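Reader: I have a new model open. Can we walk through it quickly?
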Amino acid sequence: MGTQKNLANQFSMKKCRDCSTDNTLAADVCVSCKKKLGDVDVQGYAIRPFDYKAYAVGIASVIVFVVYMWWAFFREA
Ligand SMILES: [Zn+2]
């Protein structure tokens with residue numbers, strides 16, 4: 001018996017990765033810690049949804065850094 005496909009479909013609950021609380025598969029936030037939950041993975045844990053806000057902050061800080069470097073080294077040219 002080697003049917004490992006669609007293992008995720010066997011779960012009726014998904015565990016929060018932050019606090020290990022069981023949540024329903026339909027939940028998008030953890031009932032306990034209120035963190036965002038994605039789909040269930042093959043281990044029965046909720047996948048962390050992609051954090052666009054953190055990504056945007058990261059991009060913005062890189063832009064600020066580049067602008068600062070440009071300002072610091074090239075403004076007197
Ligand atoms: Zn949680």
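Reader: Where is Lys 34 placed?
Author: Lys 34 sits in the loop between strand E2 and helix H1 (52-74). Helices (H or I, at least four residues) and strands (E, at least two) are DSSP runs, numbered from the N terminus. This is a predicted model: local features need pLDDT of at least 70, side-chain atom pairs count only at pLDDT 80 or more, and totals for chains, interfaces and linings use all residues. Residues are numbered from 1 along each chain as its sequence is written.

Reader: Lys 34, buried or exposed?
Author: Lys 34 counts as exposed, because it has 11 C-beta neighbours inside 10 Å. The cut-offs: buried means 20 or more other C-beta atoms within 10 Å of the residue's own, exposed means 12 or fewer, and partly exposed is in between, with C-beta atoms placed from the backbone.

Reader: What is the phi of Lys 34?
Author: Near 65 degrees, a positive value in a residue other than glycine. Ser 20 also has a positive phi, of about 60 degrees, and is not a glycine.

Reader: Where is Ser 20?
Author: In the loop between E1 and strand E2 (22-24). Ser 20 is exposed, because 11 other C-beta atoms lie within 10 Å.

Reader: Overall fold. What is the pattern along the sequence?
Author: The protein reads β-β-α. That comes to 1 helix and 2 strands.

Reader: How much of the protein is buried?
Author: Buried residues make up 8% of the 77 residues.

Reader: Which residues form the largest nonpolar core?
Author: Five of them: Cys 16, Cys 30, Leu 37, Val 40 and Ala 46. A nonpolar core is a set of buried Ala, Val, Leu, Ile, Met, Phe, Trp, Tyr and Cys residues joined through C-beta atoms within 7 Å. In soluble globular proteins, nonpolar side chains tend to be buried together.

Reader: What does Cys 30 touch?
Author: Leaving out residues up to four places away in sequence, Cys 30 touches Cys 16, Asp 18, Cys 19, Thr 21, Asn 23, Lys 35 and Leu 37. Contact here means C-beta atoms, placed from the backbone, within 7 Å.

Reader: New topic. Where is Lys 15?
Author: In strand E1 (residues 13-15). Lys 15 is partly exposed, because 19 other C-beta atoms lie within 10 Å.

Reader: And which contacts does Lys 15 make?
Author: Beyond neighbours within four places in sequence, its contacts are Ser 20, Thr 21, Asp 22, Gly 44, Tyr 45 and Ala 46. The C-alpha atoms of Lys 15 and Gly 44 are separated by 6.2 Å, with the two residues 29 apart along the chain.

Methods:
Two residues are in contact if their C-beta atoms, placed from the backbone, lie within 7 Å.
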